[in-house]
Amino acid sequence: MARPRASRIISPTRADATEPPPFIGAWAPADARLDDAVLFRLPTGTAPEDVVVDTEGRLVAGGEDGTIWRWPAAAAYTDRPDAVSPEAIAQTSGRPLGVEIDPRDGTLIVCDAYRGLLRIGHDGAVTDLAARVAGTPILFCNNAAVAADGTVYFSDSSTRYPLSAWKRDLLEHRPNGRLLRYDPGDGSVDIVADGLYFPNGVALTPDERAVLVVETTTHRLLRVPLAGDAGGAAQEILDLAAYPDNMSAVGDGTYWIALPSPRLPVAEKMLPHPGVRRVVALLPEKIQPKPGRYGLVALVDGDGTVLRTVHGPAGRYSMITGVRQQGSTLWLGSLTEPGVARISV
């Protein structure tokens, strides 16, 4: 499908400089097992950005070529990636990012960066659920969480820049993103919260009275109440020590957050200088600031307390954008690696 184009001329705003915190305390790299992750390669394509485990215990991920792959349940219990092969179960013809399970029927809910919100049936049929909201296109459908009644809360990371130009949104440092809601009853889509700085990972609290959202640009974990007088007003509960991507609920009130890169001092020092950032956006990508090659995921609770971090200082499996717990296994997705990975926790 045709990919939207984005202007290289950004409109950055001035912001206060921030200082990346050191990896100490709960962020200390005491557990470095990510560098020993077992890789399960995709047969075609690369970069399985997110991972999910379906109702039958099978791992599902989508590659950059639009293919949705599913591994047999036995893959969770083997350290021999050559012993299991995934099957291609669907093709979105776009770029699948977040992948979730509808608890009502076990079908897949997929955030496709270019097509919008999709459903993939058990027969592999792809159905478009949402491509517009409030008269505007959903330009950057990214990550989702599905409630017990099938309501889908999902992030539209930028109303100005598509996936192909995601770095420009970060350099612009404007609140271009929003949290959306899809109603499966009537197919309507509405805006739960807007004015967000590249909202990315989404997770529901166990009582489904609030949504947790991470902002990549501002490295914040937010809580968005869904009921009462504070409905829709985002509240910061944690300033993260790295840039976040997808997140997933464990089910016990804790959440895993994928953190694809440590915070970059050069990027945070540029925040008070919009003119400099405007020039940087025009530079060839190979000389722009780059994410750090470092593996990192964090477990937090609903109050924003960091309970555990798992590191990969050597970056052997890096740019980790998806994380999902299945029993004592963590499944990982990446925006750059050739397959999914697993570690035991």
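Colleague: Which residues touch the most other members in the largest nonpolar core?
Modeller: That core has 18 residues, and Trp27, Leu221, Leu240, Met247, Ile257, Leu259 and Val300 touch the most other members. A nonpolar core here is a set of buried Ala, Val, Leu, Ile, Met, Phe, Trp, Tyr and Cys residues joined through side-chain atoms within 4.5 Å. Buried means under 20% relative accessible area, exposed over 50% and partly exposed in between, with a 1.4 Å probe and protein chains only. This is a predicted model: local features need pLDDT of at least 70, side-chain atom pairs count only at pLDDT 80 or more, and totals for chains, interfaces and linings use all residues. Residues are numbered from 1 along each chain as its sequence is written, and side-chain values use heavy atoms, with hydrogens and water left out.

Colleague: Which strands each supply at least two residues of this core?
Modeller: β17 (210-215), β22 (254-258) and β24 (295-301). The largest share, 3 residues, comes from β24. Strands (E, at least two residues) are DSSP runs, numbered from the N terminus.

Colleague: What is leucine 240 in contact with?
Modeller: Apart from neighbours within four places in sequence, leucine 240 is in contact with Trp27, Val214, His219, Arg220, Leu221, Ile257, Leu259 and Arg263. Contact means heavy atoms within 4.5 Å.

Colleague: Back to β17. Why is it largely enclosed by the rest of the structure?
Modeller: Because 6 of the 6 residues of β17 are buried. Ala210, Leu212 and Val214 lie on one side, with Val211, Val213 and Glu215 on the other.

Colleague: How many bridges link β17 and β18?
Modeller: 6, with β17 and β18 (residues 220-225) antiparallel. Two strands pair if DSSP finds at least two bridges between them. Valine 213 has leucine 222 in β18 as its bridge partner. The hairpin of β17 and β18 has 4 residues between the strands, and histidine 219 there takes a positive phi near 50°.

Colleague: New topic. How many disulfides does a search of the whole structure find?
Modeller: 0. A disulfide is a pair of cysteine sulfur atoms within 2.5 Å. For cysteine 111, the nearest cysteine sulfur is that of cysteine 141, 3.6 Å away.
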